[in-house]
Amino acid sequence: MNPLGTGPHVLVVGGGLSGLAAAHRLRTRLGPAARISVVEGSPSLGGKLRAIELAGVRYDVGAEAFLARRAEAVDRIRELGLSGELVEPATAAASVRAGGRTAPVPRATVLGVPADPTAVSEVLSGQGVRRLAAEADLAPLTWTPGQDVSVGGLLRERMGDEVVDRLVDPLLGGVYSGRADALGLRAAIPALAAALDA
């Protein structure tokens, strides 16, 4: 119990995005009587998602703030009353370096998962494009609604290593700070998991 009040006292270790989200969720669940303390070892909160000032201009230095297509992130921003603080990167275009060259991130992808082999021809080798195109001729995927697999495992089997190594891994790494082979499909690409369930 909290010696200063009637509610519990909860300690959140780490003031990165996960710690701050945990503290916020605890506040909404435990109410105003709870005492919630966040401790952080670095001089500022935010962890990997933070801002710095350089030559008088404030810059985000995190790998990715959040993807607007992830409804839960937009909902959380609204819940926190920060909708008016959102800034979209209008002048910068994302690119990927693969196979010794830099190319724009292909548009016809969802977190790097391509919808069309020709859309990723600048990023994949000729062999990679052919392997991806051959996916349409594979036997239908055996899938049980509700199951989960690693993103990398599923895509390597269906689309080949280059799709994972040159597209999916760099994009998911920026969003989730993890490797495609270690990330679950339901957590990383829920729309694809839902499509497979259907």
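Predicted model: local features only at pLDDT ≥ 70, side-chain atom pairs only at ≥ 80, totals over all residues.

Visitor: Why is alanine 55 called exposed?

Guide: Alanine 55 has a relative accessible area of 80%. Exposed means over 50%, so the label holds. Alanine 55 is found in the loop between β3 (51-54) and β4 (57-60). Its phi is near 55°, a positive value in a residue other than glycine.

Visitor: What makes leucine 171 partly exposed?

Guide: Its relative accessible area is 26%. Buried means under 20% and exposed over 50%, so 26% falls in between. Leucine 171 lies in helix α5. Leaving aside neighbours within four places in sequence, leucine 171 is in contact with Val105, Leu111 and Gly112.

Visitor: Why is tyrosine 59 given the label partly exposed?

Guide: The value for tyrosine 59 is 41%, which lies between the 20% and 50% limits, so partly exposed is the label. Tyrosine 59 is found in strand β4. It also belongs to a nonpolar surface patch of about 410 Å², together with Ile52, Leu54, Val57 and Val61. Both β3 and β4 supply at least two residues of that patch.

Visitor: How do you know that the buried residues of α4 line one face?

Guide: In α4, the buried residues are Val151, Gly152, Leu154, Leu155, Arg158 and Met159. Seen down the helix axis, they fall within an arc of 165°, so they line one face. They pack against β8 (113-114), α3, α5, α6 and α7 (190-197). Glycine 160 follows α4, with a positive phi near 100°.

Visitor: Which residues touch the most other members of the largest nonpolar core?

Guide: This core has 26 residues, and those with the most touching members are Leu124, Val151, Leu155, Val168, Leu172, Leu185 and Ile189. Two or more residues each come from β5 (95-98), α3 (126-133), α4 (151-159), α5 (161-176) and α6 (185-188). The largest share, five residues, comes from α5. Not counting residues up to four places away in sequence, leucine 155 touches Val113, Gly160, Val164 and Val168.

Visitor: What makes glutamate 79 and arginine 76 a salt bridge?

Guide: Their closest N and O atoms are 3.6 Å apart. The cut-off is 4 Å, so the pair qualifies. Glutamate 79 and arginine 76 are three residues apart in helix α2 (residues 71-79), about one helical turn. In general, an α-helix has 3.6 residues a turn, so residues three or four places apart point the same way.

Visitor: How do you know that aspartate 181 and arginine 156 form a salt bridge?

Guide: The closest N and O atoms are 2.9 Å apart, so they are within the 4 Å cut-off. Aspartate 181 lies in the loop between α5 and α6, and arginine 156 in helix α4, so the pair ties together parts that are 25 residues apart in sequence. Aspartate 181 is partly exposed: 39% lies between the 20% and 50% limits.

Visitor: What makes aspartate 197 and arginine 186 a salt bridge?

Guide: N to O, the distance is 2.8 Å, so this pair also meets the 4 Å cut-off. The partners sit in distant parts of the chain: aspartate 197 in helix α7, arginine 186 in helix α6, 11 residues apart. Salt bridges that share partners join Arg156, Asp161, Asp165 and Asp181 into one network.

Visitor: How many salt bridges does the count come to?

Guide: The count comes to 10 salt bridges.

Conventions:
Residues numbered from 1 in each chain as written. Heavy atoms only, no water. Core = buried A, V, L, I, M, F, W, Y, C linked by side-chain atoms within 4.5 Å. Buried < 20%, exposed > 50% of the residue type's maximum accessible area, 1.4 Å probe, protein only. Helix = DSSP H or I, 4+ residues; strand = E, 2+ residues; numbered from the N terminus. Contact = heavy atoms within 4.5 Å. Arc of directions from axis to C-beta. Patch = residues over 30% accessible without salt bridge, like charges linked within 9 Å, V, L, I, M, F, W, Y side chains within 5 Å. Areas by Shrake-Rupley, 256 points an atom, 1.4 Å probe, with all protein chains shown as cover. Salt bridge = Lys/Arg side-chain N within 4 Å of Asp/Glu carboxyl O.
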